[in-house]
There are 2 protein chains.
Amino acid sequence: MSSSALKPGSTILASTVANNFGEEIIKKVDSLKSSLPNGPLLVGFLANNDPAAEMYATWTKKSCESMGFRYELRRVEDRDFLEEAIIEANRDDSVNGIMVYYPVFGNAQDQYLQQVVSREKDVEGLNHVYYQNLYHNIRFLDSNNELKSILPCTPLAVVKIMEYLKIYNTLLPEGNRLYGRKCVVINRSEIVGRPLAALLANDGATVYSVDVNNIQKFTRGEGLKFTKHHVEDLGPYSEDLLKKCCQDSDVIITGVPSESYKIPTEYIKDGTSCINFSSFRNFDDSVKTKASLYVPMTGKVTIVMLLRNMLRLIENNQKLHGK
Amino acid sequence: MSSSALKPGSTILASTVANNFGEEIIKKVDSLKSSLPNGPLLVGFLANNDPAAEMYATWTKKSCESMGFRYELRRVEDRDFLEEAIIEANRDDSVNGIMVYYPVFGNAQDQYLQQVVSREKDVEGLNHVYYQNLYHNIRFLDSNNELKSILPCTPLAVVKIMEYLKIYNTLLPEGNRLYGRKCVVINRSEIVGRPLAALLANDGATVYSVDVNNIQKFTRGEGLKFTKHHVEDLGPYSEDLLKKCCQDSDVIITGVPSESYKIPTEYIKDGTSCINFSSFRNFDDSVKTKASLYVPMTGKVTIVMLLRNMLRLIENNQKLHGK
């Protein structure tokens with residue numbers, strides 16, 4: 001009691017947030033029993049020796065099996081055969097979802113591979129169409145608004161965590177629930193950081209998007225033809241500018257893929273919500289003296305989002321092919 | 001006369017190869033007069049201050065206008081608006097082809113932009129579908145073999161140069177005309193080097209594909225399900241290994257985007273054909289003492305291939321929409 005008085009904030013584990021989605025997912029898997037009596041099949045491709053990927057695969061298998069999915073890990077010894085293995089799974093009607101543990105080549109060839117996964121089985125939401133819809137705030141794949149677009153699973157996990165943390169204010173109308181919020185996102189990769197900044201901006205937030213080169217401000221702009229976020233360059237990266245952005249923000253989200261990177265705790269103002277999606281912890285433990293809510297890792301929420309995406313893809317396919 | 005005896009090889013300019021395609025292209029543009037009386041319209045987007053891009057744009061305009069095309073350069077001051085400008089051109093029926101002068105962001109966001117260009121107007125052939133077809137040696141977009149797939153324009157330009165240099169042997173059946181040839185390709189980018197190595201391997205060559213990390217050997221393999229090139233790792237990059245590969249090769253193709261990089265002339269055996277597609281010259285002038293045929297730059301052939309691709313796209317669209 002007295003120690004919690006000294007540290008007014010709370011650490012929230014990803015598993016706590018993830019558990020919140022269990023019931024909804026199990027119910028939906030159950031409703032698919034007539035067409036998929038053995039449960040939907042997710043295939044994961046592992047073509048590296050990364051222990052983090054191995055652990056992530058173990059978690060995925062466990063989550064799958066606890067919620068009525070089947071999971072099959074396919075190890076590809078020679079990464080030059082991964083493309084053909086993916087294409088085989090694309091064509092295999094018994095496979096409902098496909099994911100790949102990246103990095104495989106660790107360069108632009110990985111982006112090529114992401115587009116090889118069939119859009120209909122792309123549970124990670126990495127297909128170009130899904131990203132383009134995200135940036136333009138388009139929620140459906142068809143003009144009848146029947147087939148739902150998929151969101152890339154890590155940005156989606158961060159959004160779901162922010163909903164759990166009540167950073168999204170449900171008193172505001174959907175699509176506007178971050179109105180007035182200011183967020184820092186440290187990472188501007190095409191996979192997570194840039195789409196995440198756009199998602200938050202599209203929901204009304206002001207986002208400081210930080211990478212090693214510069215800092216940008218994403219806001220909801222009206223665009224030329226779309227309701228699309230607007231990007232403004234604030235200046236080259238500097239510790240001073242980063243500190244200024246942090247001190248102006250209610251939420252700090254980190255995703256720096258480096259063991260040594262820690263955001264200086266002094267940059268963080270009292271009561272900030274802090275979320276780290278890197279597989280390395282980008283916050284020092286002292287963050288707990290400042291943060292109101294601190295989420296040290298997000299991987300388990302990402303896995304649940306994968307499964308949720310997979311159910312959407314199955315629903316889309318059933319609608320498309322008349323059940 | 002005596003100096004040519006001292007230097008038995010020849011330098012072949014890209015313009016000489018490019019001119020070879022002029023008549024064919026002009027004839028085809030002419031045959032489109034009924035549907036496109038003012039000529040097809042190519043739109044180029046420039047969102048950087050790269051003088052090389054500026055020069056390339058000037059050349060493109062000149063080539064277009066000399067062959068009956070219209071060319072429009074659209075400058076985009078704020079690169080964050082480029083995506084919307086491309087989408088606008090995608091939707092504009094009066095635009096027949098679209099190209100972008102890269103780099104724009106100089107990172108993975110450029111790969112995102114490449115996929116924003118509509119496949120039907122992608123004269124550079126950068127759409128994922130075109131690359132995937134290239135790797136799998138698939139020539140058509142449809143199962144009736146009516147709509148031709150597009151090849152990315154720089155790899156295609158190198159192939160056309162190799163045909164001009166008679167490295168492709170027309171006594172051999174099409175698809176096998178590099179049988180017995182050995183080639184070095186220094187560059188393994190997703191845009192040019194890797195697809196080029198695959199194209200050459202698919203035509204029967206043994207290709208040493210070199211990047212800063214390692215050297216691989218591409219050969220024509222049967223693959224699991226496709227007639228697809230096979231890739232074998234030869235080892236990490238070293239000068240020794242590169243030299244060995246060069247000395248084993250009839251053709252050396254360079255594409256290192258660096259002003260200072262020059263392949264040591266001593267690596268090159270007498271009578272090698274040497275082609276440089278980098279905008280910097282990767283061969284020292286002394287290459288002329290070794291090379292049988294030397295092509296110092298390829299940009300003008302690339303432009304002609306752009307226009308050839310554009311005509312294919314127009315034909316595809318006319319077939320698709322019943323003229």
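**Note on the interface of chain A and chain B**

1. Across the interface of chain A and chain B, zero salt bridges are found, a salt bridge being a side-chain nitrogen of Lys or Arg within 4 Å of a carboxyl oxygen of Asp or Glu. The rule does find four residue pairs in polar contact there, both residues at pLDDT 80 or more; a polar contact is a pair of N or O atoms within 3.5 Å, and within protein one must be able to donate a hydrogen and the other to accept it, while residues adjacent in sequence count only if both atoms are side-chain atoms.

2. The model is predicted, so local features need pLDDT of at least 70 and side-chain atom pairs count only at pLDDT 80 or more, whereas totals for chains, interfaces and linings use all residues. Residues are numbered from 1 along each chain as its sequence is written, chains are lettered from A in the order in which they are written, and side-chain values use heavy atoms, with hydrogens and water left out.

3. In contact (heavy atoms within 4.5 Å) are 28 residues of chain A and 28 residues of chain B. The two chains bury about 3,000 Å² between them, 51% of it on carbon and sulfur atoms, where buried area is the accessible area (1.4 Å probe) lost on putting the two parts together, summed over both. A:Glu84, A:Tyr112 and A:His128 supply 20% of the area that chain A buries against chain B, more than any other three residues.
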